[in-house]
Amino acid sequence: MAAPQRDMTRPRLGIALGSGSARGWAHIGVLDALAEAGIVPDIVCGTSIGALVGAAHVAGRLPQLREWVEAATWREIVGLLDVRLTGGGLIDGKELLAFLNGLGLAGPIESQPVRYAAVATELATGREVWLQSGPMHAAVRASAALPGLFSPALRDGKWLVDGGLCNPVPVSVCRALGADVIIAVNLNGDLVGRRFEATPPAPPATPAPSGEGLARALGQLPAALRVQAAALGARLFPPAAGRNGPASPGYFDVLANSINIMQDQITRTRLAAEPPHVLMLPRLRNLALMDFHRGREAILEGRACAEQALPALRRYL
């Protein structure tokens, strides 16, 4: 694929796609709205789910990813969760790699027509790692290795985990790679306290799978996968409330809110030190960590957020 010609009279545009698990499908809507407005980033940097969507964009596979996301069911999501209770995580990640390969993201990063980097964290040292070469799907897998859920990824003799531990919205990477104007998409700006607030938000149009819903989904899976998914579900979904009050938080409740708090604090600090030119904050408060089956909602919110930001962005361009 020939590299697109860039208008040398305008600033070099970079976009930093932040981490946020299932909320990251909003990045698809952001990129769609920008493309329809004739705005195409020259540099794409992503962390975790942002690395995945960014990879699909630079590889020209965003339409295929969007099609899958909008049609994905909870059963298909469970099918990507290859449970292995050893190796540093609940999920091995081989099925995710196969999915990314099938999406067409196995090519080398350095051959892509748009400059791209995925952010990961070196487990032993906490050092921020920018993945700019090698197989793209392997870089995405490393960047999205969420601690407590996915096993770490081995690269060049080092164990890598989710880039959100050190740089949830990689504005600094865009700037280092030569961006003159930077768009940042922060998916986690309104999430702290979401899971334990006194007045819960209104239920979403498509409810997240409960234990009962998971059981129905599991019944439709092949026997071997059913055993794996059931083992995962028993660890992830909280027990029902008892007579003496609400049950203690489930595994995902603790994990999700802990990650929200951590990433919110890190993001605030890093964006204060290195602010982008345009900051997008999609309103994704009602989407939980694993609501991957609610992609259509996230995409629409990402699109709406980007459309509102277009006037400010055009002033810079």
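Is Arg294 buried or exposed? Arg294 is buried, at 3% relative accessibility; buried stands for under 20% relative accessible area, exposed for over 50%, and partly exposed for what lies in between, with a 1.4 Å probe and protein chains only.

The model is predicted, so to speak of basis first: local features need pLDDT of at least 70, side-chain atom pairs count only at pLDDT 80 or more, and totals for chains, interfaces and linings use all residues. Residues are numbered from 1 along each chain as its sequence is written, and side-chain values use heavy atoms, with hydrogens and water left out.1. Arg294 has Asp291 as its salt-bridge partner, with 2.9 Å between the closest N and O atoms. A salt bridge here is a side-chain nitrogen of Lys or Arg within 4 Å of a carboxyl oxygen of Asp or Glu. Asp291 is also buried, at 3% relative accessibility.

1. The structure has 10 salt bridges. One of them pairs Asp42 with Arg10, the closest N and O atoms lying 3.0 Å apart. This pair links distant parts of the chain, 32 residues apart: Asp42 sits in the loop between α1 (26–36) and β2 (43–47), and Arg10 in the segment before β1 (13–17). Helices (H or I, at least four residues) and strands (E, at least two) are DSSP runs, numbered from the N terminus. Asp42 is buried at 12% relative accessibility, whereas Arg10 is partly exposed at 22%.

2. Arg270 and Glu128 form a salt bridge through their side chains, at 2.9 Å from N to O. Here too distant parts of the chain are linked: Arg270 belongs to helix α10 (residues 251–273) and Glu128 to strand β4 (residues 128–131), 142 residues apart. Arg270 is partly exposed, with a relative accessible area of 24%.

3. There are two aromatic pairs. The rule takes rings of Phe, Tyr and Trp (its six-membered ring) with centres within 6.5 Å; planes under 30 degrees apart are stacked, over 60 edge-to-face, and the rest tilted. Trp25 and Phe292 make an edge-to-face pair, 5.9 Å centre to centre with 70° between the planes. Trp25 is in the loop between β1 and α1 and Phe292 in the loop between β8 (278–280) and α11 (295–316), so the pair ties together parts 267 residues apart in sequence. Both Trp25 and Phe292 are buried.

4. Trp68 and Phe99 form a tilted aromatic pair, with 4.6 Å centre to centre and 50° between the planes. Trp68 lies in helix α3 (residues 62–71) and Phe99 in helix α5 (residues 94–102), 31 residues apart, and the pair links these distant parts of the chain. Trp68 is partly exposed at 21% relative accessible area, while Phe99 is buried at 14%.

5. The UniProt record, an unreviewed entry, places the feature "active site" at Ser48 and Asp162. Their span is 115 residues in sequence, yet no two of their C-alpha atoms are more than 6.0 Å apart, so they gather at one spot. Ser48 and Asp162 are both included in the lining of the largest cavity. A cavity is a set of points, on a 1 Å grid over the protein atoms alone, where a 1.4 Å probe fits but cannot get out; lining residues have an atom within 4 Å of a point. Ser48 is in the loop between β2 and α2 (49–58) and is buried, with a relative accessible area of 8%. UniProt annotations may be inferred rather than shown by experiment.

Methods
1 Å grid on protein atoms, 1.4 Å probe; cavity = no way out; pocket = protein on both sides within 12 Å on 5 of 7 lines; lining within 4 Å.
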